[in-house]
Amino acid sequence: MTGQRLTGIAIALTLVLTPVRDVIVASMTGHMLVQIPLLLLAGFLIGAPPRTDMRRSGLNPGGAPGLLLTAAVLTTWMVPRALDLAVTSNSIAFLESGTLLVGGGLLHHSWQRAGALGQAFFIGNLTWMAAVAGLLLRDAPVRVCTTYLIRDQLYAGTGLLLIATAIGVRWFTTWLALPTARTNTRGDRSSSVDAPRCIGPTATHTSRVERATR
Amino acid sequence: MTTGARTWSGAIGVGTALVCSVLLLSWATDGFAVLTTDAARTRRVQRAPVTVPTVSVRGSDGAVHDVLRDLPRDLPRDLPRDVPPDVRRDALTDSVRAERSSMSSTPGLLRPRAVIVDFVYTRCITVCGALGGVYQVLQREIEQRGLQDKVRLLTVSFDLEHDDPRSLAMYARVHRANAGIWSLVTPVTADARDQLLRTFGVQVVPDGVGGWVHNAALHVVDPGGKLVRIVDITDGETALAVALTAWNAAP
């Protein structure tokens, strides 16, 4: 078991089972901008369960199913009603943590094989959606979450907008700066080591994945 | 692995991801219909009315009774004030029964009324004040249109610590509540309060400066004791119309 995986497990356990969760989730900003991203990160660090043979099963061609599901998970937990439910119900809180951990794992498995084009699609969609959600939260005249205060909603919206913009801009400037990224868009089979790796795994890991897929 | 098998497993992967994504998003948005908790509860109540639980509340006159009990009308006006509450309640039941049987020749006169329910805490200076204003307008409307035998107003406080009968009476005075139309109550126990808040879908959050914030709305309860509609607090007109429809539809 690698240190990376252990770190992921430690983060996940802290965020799911300890009172740390209650403290973070007490504010909308903490919930949307700390709890959810950290759970996704934990899932990413843990990666795929060690003994599954997903890599060779061909269930995740081009990383598309994995990225699709990850995007759906992140979208789901941007819905105000889902946030409310995750605060008021323990079972929904577990559903939230579970789906985000799985989403992180899928992201790990899919990122490199998606290639530059798939990655661009994923990042483009999510950052765009998060930025719009942030704008809507900032502009909403009433509370959209019954469990959070309106001031908190303004902070969360602003934070979401800033983070989404930052990730989007950072990623696309990197992407445009790489000549290989524009020509090499096939991803799965061809080497995508040159693709930008803002949140991607390490190169050593990539080569391992690549070797396993061949 | 052969190419054929790879295509198949790829298709299975894509299909599973699609189905899971749609299921997840559909769950969060109640079938792609809503984004907020308030919208979801409004929609659910409209589709399937919810029975209001039987819980004990204390009114602004100090008497303890069931939350939906139509006390203002139950109390015969000539009942002696010095009779202890328990005896009073028994006498009350008898007198109501007698009254009902004597009125059998004029059916419908003592039919239960539809109720418009709201939730407040009397120290609140923001949305509860607005609710008080909306209720004042509604009360005037009910008086002017002579609807007091069909629709009544009920204000429930969720502030058990502060809102004793005196505070309720004060709130009633400030808003000029007509006791025959508008009654004010506080649940007797925290349990009773939570049960009510849950049923009506009201979420109370501390505002960080000693008060609370809550999703205020007008809740229409039909004469049979079922929550049938949740209306925006600014839309008293609709609440009254729905309450009247509910009263007319009741057996």
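Let's start with strand β10 of chain B, residues 226-231, which is mostly covered, with 5 of its 6 residues buried. Please keep in mind that this is a predicted model.

Next come the pairings of this strand. β10(B) pairs with strand β1 of chain B (residues 50-51), and the two are antiparallel. It is also joined in the antiparallel sense to strand β9 of chain B, residues 218-221. The table sets the two pairings side by side.

| Partner of β10(B) | Residues | Sense | Bridges |
|---|---|---|---|
| β1(B) | 50-51 | antiparallel | 2 bridges |
| β9(B) | 218-221 | antiparallel | 4 bridges |

To find these pairings in the viewer, you can pick out individual residues.

β9(B) and β10(B) together make a hairpin, with 4 residues lying between the two strands. In that turn, G225(B) has a positive phi of about 85 degrees.

Now for the other chain. Contacts between the two chains involve 27 residues of chain B and 23 residues of chain A. On the chain B side, the elements giving two or more residues are α1 (3-28) and α2 (37-47). Of these, α1(B) provides the largest share, at 14 residues. What is the make-up of the side of chain B that touches chain A, in nonpolar, polar and charged residues? That side holds 14 nonpolar, 10 polar and 3 charged residues.

Key: Residues are numbered from 1 along each chain as its sequence is written. Chains are lettered from A and ligands numbered from 1 in the order in which they are written. This is a predicted model: local features need pLDDT of at least 70, side-chain atom pairs count only at pLDDT 80 or more; totals for chains, interfaces and linings use all residues. Two residues are in contact if their C-beta atoms, placed from the backbone, lie within 7 Å. Ala, Val, Leu, Ile, Met, Phe, Trp, Tyr, Cys and Pro count as nonpolar, Asp, Glu, Lys and Arg as charged, and the others, Gly among them, as polar. A residue is buried if 20 or more other C-beta atoms lie within 10 Å of its own, exposed if 12 or fewer, and partly exposed in between; C-beta atoms are placed from the backbone. Two strands pair if DSSP finds at least two bridges between them.
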